[in-house]
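Work through the two exercises below with the model open. Try each task before you read its solution.

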Amino acid sequence: MQAKGTFSSPSLTLLPLNIPCSSSRSGSLSCYFQIKQQRKTICACVAPPLNIGSNGISKTKNNHMSKSEELHSVLEPEDDSDVLIECKDVHKSFGEKHILRGVSFKIRHGEAVGIIGPSGTGKSTILKIMAGLLTPDKGEVYIRGRKRDGLISDNEISGVRIGLVFQSAALFDSLTVRENVGFLLYESSTMPEDQISELVTETLAAVGLKGVEDRLPSELSGGMKKRVALARSIVFDASKATIEPEVLLYDEPTAGLDPIASTVVEDLIRSVHMTGEDAVGKPGKIASYVVVTHQHSTIRRAVDRLLFLHNGKVVWQGMTDEFTTSASPIVQQFASGSLDGPIKY
């Protein structure tokens, strides 16, 4: 039997792999290869950004782009103390296929950012580079101002947890919902099992799921699987002295869902953010998040700032309310779905 799943580290949920697995819980948990890091505990107390708007986005000086301006005229805020992740001139190729051709942007504390653009332009690739699953061929990635020189095995990077929620949910087929959500805790935490089980139940309730702990993924709908995957990404080790701020990266979170299920997931993404309130009425704990999406409903409901990737570069960025009013031909074409414009298929 093959089990699909994700691997987890103290700061990241990894790509799904197919590996043999026994049917028992203990066998299932022990058969997965683990990537463990010896990491120093670094104080990650994060002060709120110096100037936060009511929507949780950092207010910045001179960064509002008029509809006719090009991207290079957009000015970044001078103060970078609230920058959690920065990509600087990132290039990535696979063989002779050039995917990213110099991508630069910053993700700040409190932001809800969407990455949009035509298929094959590098949206998922830049997400995996931010997560540490891929290294850029050229350019740098900075985590809390510190350059990351390798992949997630780096033991010198700390101060931010990075969670990646995959398009397919990537749950372990042979594990129950409880075991999926608590997988990292069962494997590496010093918490007792009954405490882990209680924490898993609380986390599932936060994403609007109750009484599903003993179900298998095959017994869940597509929307429920997405929520379980989200719960697995936001559960944290309560035995740690310091809980680092977390950036969640969503890769097409509403792909394959009907409009109503999409709305549930989009609202859920908002609810677990620090500016939101989860399903049980508690404040969200996610510091910032990035959503790769094609769906207009996700753009409208789940993000505040947009980055538009085309031909491996960021060709436009702006706030969500500028998306449908922009004078940029490429943005107009994408927003309207027109066949006429700079994007060719």
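Helices (H or I, at least four residues) are DSSP runs, numbered from the N terminus. The model is predicted.

**Exercise 1. The second largest pocket**

Find which element gives the largest share of the lining of the second largest pocket.

Solution. 

1. Start with the volume. The second largest pocket has about 490 Å³.
2. Go to the centre. The pocket has 24 lining residues, and the closest to its centre are I234, F236, P283, G284 and K285.
3. List the elements that give two or more residues to this lining. They are helix 5 (193–206) and strand 12 (286–292).
4. Pick the element with the largest share. Helix 5 supplies it, with four residues.
5. Sort the lining by class. There are 13 nonpolar residues, four polar and seven charged.

**Exercise 2. The partners of strand 5**

Work out how strand 5 pairs with strand 6 and how many bridges join them. Then find how many bridges join strand 5 to strand 8.

Solution. 

1. Locate the strands. Strand 5 covers residues 83–94, and strand 6 covers residues 97–108.
2. Read their pairing. Strands 5 and 6 are antiparallel, with nine bridges between them.
3. Check one facing pair. F94 lies opposite K97 of strand 6.
4. Look at the turn. Two residues sit between the strands of this hairpin, and G95 has a positive phi near 65°.
5. Move to strand 8, residues 138–143. Strand 8 runs antiparallel to strand 5, and five bridges join them.
6. I85 is opposite I143 in strand 8.

Definitions and conventions
Residues are numbered from 1 along each chain as its sequence is written. This is a predicted model: local features need pLDDT of at least 70, side-chain atom pairs count only at pLDDT 80 or more; totals for chains, interfaces and linings use all residues. Side-chain values use heavy atoms; hydrogens and water are left out. On a 1 Å grid over the protein atoms alone, a cavity is a set of points where a 1.4 Å probe fits but cannot get out, and a pocket is an open set with protein on both sides within 12 Å along at least five of seven lines; lining residues have an atom within 4 Å of a point. Grid points are joined across faces, edges and corners, and a volume is the space filled by probe spheres set on the points. Ala, Val, Leu, Ile, Met, Phe, Trp, Tyr, Cys and Pro count as nonpolar, Asp, Glu, Lys and Arg as charged, and the others, Gly among them, as polar. Two strands pair if DSSP finds at least two bridges between them.
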